[in-house]
Amino acid sequence: MKILHILFLALSVLVTMPALAKEQPGARLEITENPDSEHSSYYIKLIDIKTGNPITENDLEIVHTKKLHLLVINPSLTEYYHLHPTSVKPDEWEVDFPEGKTGRFRVWADITRKDTGEQEYIMTDAGLTTGTYKIDTTRNLNSTLGEYRFSIEFDKKLKAGEEAMATITVMKNGRPFSGLEPVMGAFAHVVGFNEDYKTIMHTHPLGEEPEKESDRGASPLQFHIEPKKFGFIKIFAQFRIDGKDIFVPFGIMVDK
């Protein structure tokens with residue numbers, strides 16, 4: 001097995017709660033190919049940087065219904081996946097990566113450790129490491145998927161380091177949609193990737209979260225945001241409608 005090249009660095013992270021995420025992760029992420037799999041299957045391990053010891057499943061808190069979230073994006077910021085590995089050992093998980101169009105992905109492990117209570121985003125690369133990729137930095141505040149139309153707007157011009165309020169509106173056949181289903185303990189998950197390919201943001205709707213699967217969320221949804229870095233950000237808003245997860249892309253610009 002070949003352990004893929006590991007990268008970890010300070011990340012600017014956007015969350016709905018005040019400063020829960022460590023800017024300097026205290027762990028590293030190891031992704032190892034599974035040679036016996038017919039698919040793009042990988043083993044996942046988390047290692048404490050200070051002690052060198054593996055981080056086990058028992059060391060992690062459940063956050064938004066899972067102990068380990070993988071936020072996966074390709075270099076052109078066009079293919080995004082939110083994956084949840086399966087535990088195969090106390091200190092090891094397994095996950096199937098999508099083949100995708102590029103075969104190359106950057107992966108952020110989103111974890112919260114019990115001993116610190118701090119959220120961490122730990123980054124590494126997986127898949128092919130060759131090729132040249134271009135990011136389309138076109139500003140896009142509207143997306144249409146089938147009979148649904150999604151739009152995002154902000155209460156003021158976005159600037160790095162300044163708080164703002166975002167509103168996402170979901171329309172079906174020209175009317176506000178009120179059938180958003182719970183997805184990982186929320187009515188939406190919004191993840192964004194800066195054009196520097198190093199900075200991630202992650203936020204959830206304000207207000208009450210669903211308590212049971214029969215609960216439904218209504219448009220519009222509001223999000224508190226504070227971009228840490230200027231430049232283009234590709235956003236993916238994840239919703240669940242009619243039992244299916246959908247990922248809605250937006251493109252925004254943040255000023256200095």
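Two strands are said to pair if DSSP finds at least two bridges between them. Helices (H or I, at least four residues) and strands (E, at least two) are DSSP runs, numbered from the N terminus. This is a predicted model, in which local features need pLDDT of at least 70 and side-chain atom pairs count only at pLDDT 80 or more, while totals for chains, interfaces and linings use all residues. Residues are numbered from 1 along each chain as its sequence is written, and side-chain values use heavy atoms, with hydrogens and water left out.

Strand S3 covers residues 69–73. Four bridges join S3 to strand S4 (residues 80–83), and the two run antiparallel. Within this pairing, Val72 of S3 stands opposite Tyr81 in S4. Six residues lie between S3 and S4, which form a hairpin. Leu77, in the turn, has a positive phi of about 60°. S3 also pairs with strand S7 (residues 104–112), again in the antiparallel sense, over five bridges. There, His69 has Asp110 in S7 as its bridge partner.

How is S3 covered on its faces? Buried here means under 20% relative accessible area, exposed means over 50%, and partly exposed lies in between (1.4 Å probe, protein chains only). His69, Leu71 and Ile73 are buried on one side, and Leu70 and Val72 are buried on the other. Five of the five residues of S3 are therefore buried.

The aromatic rings come next. Rings of Phe, Tyr and Trp (its six-membered ring) pair if their centres lie within 6.5 Å; planes under 30 degrees apart count as stacked, over 60 as edge-to-face and the rest as tilted. The structure holds 10 aromatic pairs. One of them joins Tyr80 and Phe193, whose ring centres are 5.6 Å apart with planes at 55°, so this pair is tilted. Because Tyr80 lies in S4 and Phe193 in strand S13 (residues 189–194), the pair ties together parts that are 113 residues apart in sequence. Tyr80 is buried at 6% relative accessible area, and Phe193 is buried at 1%.

Tyr81 and Phe105 have ring centres 5.8 Å apart and planes at 80°, so this pair is edge-to-face. Tyr81 is in S4 and Phe105 in S7, so the pair ties together parts 24 residues apart in sequence. Tyr81 is partly exposed, with a relative accessible area of 23%, whereas Phe105 is buried at 3%. Tyr80 and Phe193 also belong to one aromatic cluster with Trp108, Phe236 and Phe247.
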